[in-house]
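Please read them with the structure open.

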Amino acid sequence: MPDMPAAEAVSCRLHGEVLLVTIANPPVNALSANVRRGLLAAIDAAEANPDVRAVLITGAGRNFIAGSDIREFGQPPQPPSLPDVCSRIEACGKPVAAAIHGAALGGGLEVALAAHYRLAAAGARLGLPEVLLGLMPGAGGTQRATRLIGAAAALDLMLSGRHVDAAEAHALGLVDRLVDPSESSGDIQEQGLAYVRQLLSAQAPVRRTRDAAGLADRQAGRAAIAAARAATGKKSRGLFSPPKILEAVEAALDLPFDDALRLERKLFLQCMDSPQRAGLIHAFFAEREVLKTPAIHHQTRNANTTLRAIGSVGVVGGGTMGAGIAAAVLDAGLPVTMIERDAAALARGRAHIETIYDGLIAKGRLSADGKAAVMARFSGSLAYDALAQADLVIEAVFEDMAVKQAVFAQLDRVCKPGAVLATNTSYLDIDAIAAGVSRPADVLGLHFFSPANIMKLLEIVTPAKVAADVLTTAFEFARKLGKTPVRAGVCDGFIGNRIFAAYRQAADRMMEDGASPYRIDDAMRGFGFPMGPFQVADLAGGDIGWAARKRRAATRNLQARQTRYVQIADRLCERGWFGQKTGRGYYAYPDGARSGAPSEEVEAIIAAERRRAGIVPRSFSDEEIVRRCLAAMINEGANVVHQGVALRPLDVDVVFLYGYGFPRYRGGPMKYADTLGLPRVLADIGEFGREDPLFWRPSPLLTGLVGRGANFASLNSRSG
Ligand code: T1G
């Protein structure tokens, strides 16, 4: 969205003695350079016009101001700076009020804090969420918020990044007045003008936030900073900006306002230069880009595709995934019919769902009536005919092609024309499943991640024959479930599991070559993952991967047979050591413990496998472990984009951010690769390829991009 000319982005109109300043910069009134220029000009005009006794700042459309224009970050800065605009507003010799509706976030709240009075409408959302972008308030927010509401409340807003509603903002002292919709009529501009007229008739003075008394109790302020510092140490380990926020708030207690403001700016610019800012802003835009229904295949955009109505959903299978999917659909307010093969299995499916809601009741997040209301929309049956009127059916049975094709044959027999038929398979060939029914255009993959009612990621897998309106309907369904959908093509493991498998293979090779699995997990946690690959294996259950390896072994082609195959996982599975669910896997989980302990027996099995394979173990530094794991992820990510399984590198990033715990501040594997520089990644793959050329074969996409000096980001702008 090009930046609106200053005159259009900010309009001024005199209402009696009040100059109404309106920001109109769709979609969210971001503080672009022209908006800043317009605001500065408006205050200058107000000061110069003797007819003006007060100023009211409002936003057009659904929001007040959603902050600085994030798209400007990383570009050369354009004057005026936002701190200067805020200081100008605060210094105005006539009362300035801000009338807030919708979002007043980041720089938007800083503009309001620079004003002398604030009014908020119901539904307003106020906050200083810069930390979520790897930043901190950079236009006086750390100083004015602290002076207005105290260090503890200000730190809570800035370190959590949470939005507060109008009522809480009023209770905190962030705003002076709430618009009570029942009492008053007219839009926010009317409310605002009425409020300013009251201020004028009350002879309300210019009241600068820099002089507010929120710092009166310095001891409390210091205690709040100490407490926040302790909590931040634990919670935002590895994040760059939280300590900077603490330092700025500390300065509010120790330094005069203008000195503290200068320090805030210095700290802000340090955050701006940190790679975490780039990673988090990439994540911000990527997760919004994937929401837009892409084309099924590159050449066709779904501009005017219709939607199929989804008012009722069937779920086939009541196991872990089936029950989680049913709960996700119930949480979205839809009725669910579950199909199982026998009464016992159906009862288990229902009990599984009930357990989910009982857990919420236990946490006080749901009432018994609430649970009853949800379960009232659940029904179960042993007869597929119960799905005759379902608009969408999601199959979540055992991961076996023949079993799934049998289910789809039943669905093809009973489901009404136009019903969407989806499979939750994690790996299997959906084209083959679609080929088994008379309506392949109605078939696609909805690949949920476990636990399906919690995990936000949903891979929407598009077989060759899927209809455009089925894809659009699936994206709309994902939005309704509050999921982050990513379109994926059909291949073994789609986007996420395929790339994760490459990561696992790199980790397995290092383990057989001498690295302890526990050291590898430590290194990947140090990189920012919540868990290392072997902890994930134990959580997911080794039996699933084992079944997949056995399935693949049967069809391994010559090249696959020539590829190195690490058998350590098979040795554990042969012992029934599948992970948490069997009390031991790579780790031991005595008495059902959730976090595992390293196991000497596993180390012994690994040592025996090395001897069997004739491998003399060597040591691996954390740095090398991380380099190899990421190189494998990035290279396979490039293959996935190159083959069109993922539309753009950002789709791979969103899959890993939402489905595999990739550290958000690194932006995802492809963004991280750009941060490293693709030539360096390619050089690493070349180096590792000297010992294993088949596994470490550089992706043609990677060599191509390096060849023309381009990066993955250059492919993100292509339309979905
Ligand atoms: N700058 C540029 N574009 C923005 C934007 C922003 N601040 N906020 C949203 N957009 C775009 C977004 O990409 C999307 O575009 C469209 O607007 C609608 O957004 C100095 C440095 C406001 C709660 O962190 O949280 O101020 O995809 O889909 O669900 O201290 O957007 O349509 O092309 O999210 O209704 C601080 C970020 C900035 C707020 C609306 N501000 N925005 O949610 O719509 S840093 C923020 C949001 C700062 C100063 C510092 C949400 C929203 P497109 P959407 P929504």
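1. Ground rules. The model is predicted: local features need pLDDT of at least 70, side-chain atom pairs count only at pLDDT 80 or more, and totals for chains, interfaces and linings use all residues. Residues are numbered from 1 along each chain as its sequence is written, and side-chain values use heavy atoms, with hydrogens and water left out. Helices (H or I, at least four residues) and strands (E, at least two) are DSSP runs, numbered from the N terminus.

2. Strands pair if DSSP finds at least two bridges between them.

3. Strand 3 (residues 54-59) pairs with strand 4 (residues 96-100) in the parallel sense, over three bridges. Opposite valine 55 stands valine 96 of strand 4.

4. A helix across it. Axes are lines fitted to C-alpha atoms, for helices over the stretch in contact, and angles run from 0 to 180 degrees between N-to-C directions.

5. Which strands form it? The order is 5-7-8, in an open sheet with mixed pairing. Strand 5 (103-105) and strand 8 (164-165) are at the edges with a single partner strand each, so one side of each has no neighbour in the sheet. Strand 7 (residues 125-127) and strand 8 run antiparallel, joined by two bridges. Leucine 126 stands opposite valine 164 in strand 8. Helix 4 packs on this sheet and touches strand 5 and strand 7. Its direction makes about 85° with that of strand 5.

6. Helix against helix. How do helix 4 (residues 107-114) and helix 5 (residues 141-149) cross? Their axes come within 10 Å and cross at roughly 55°. That makes helix 4 oblique to helix 5 (under 35 degrees is roughly parallel, over 145 roughly antiparallel, 65 to 115 roughly perpendicular, the rest oblique). Glu110, Leu113 and Ala114 of helix 4 make the contact with Gly141, Arg144, Ala145 and Leu148 of helix 5 (contact means heavy atoms within 4.5 Å).
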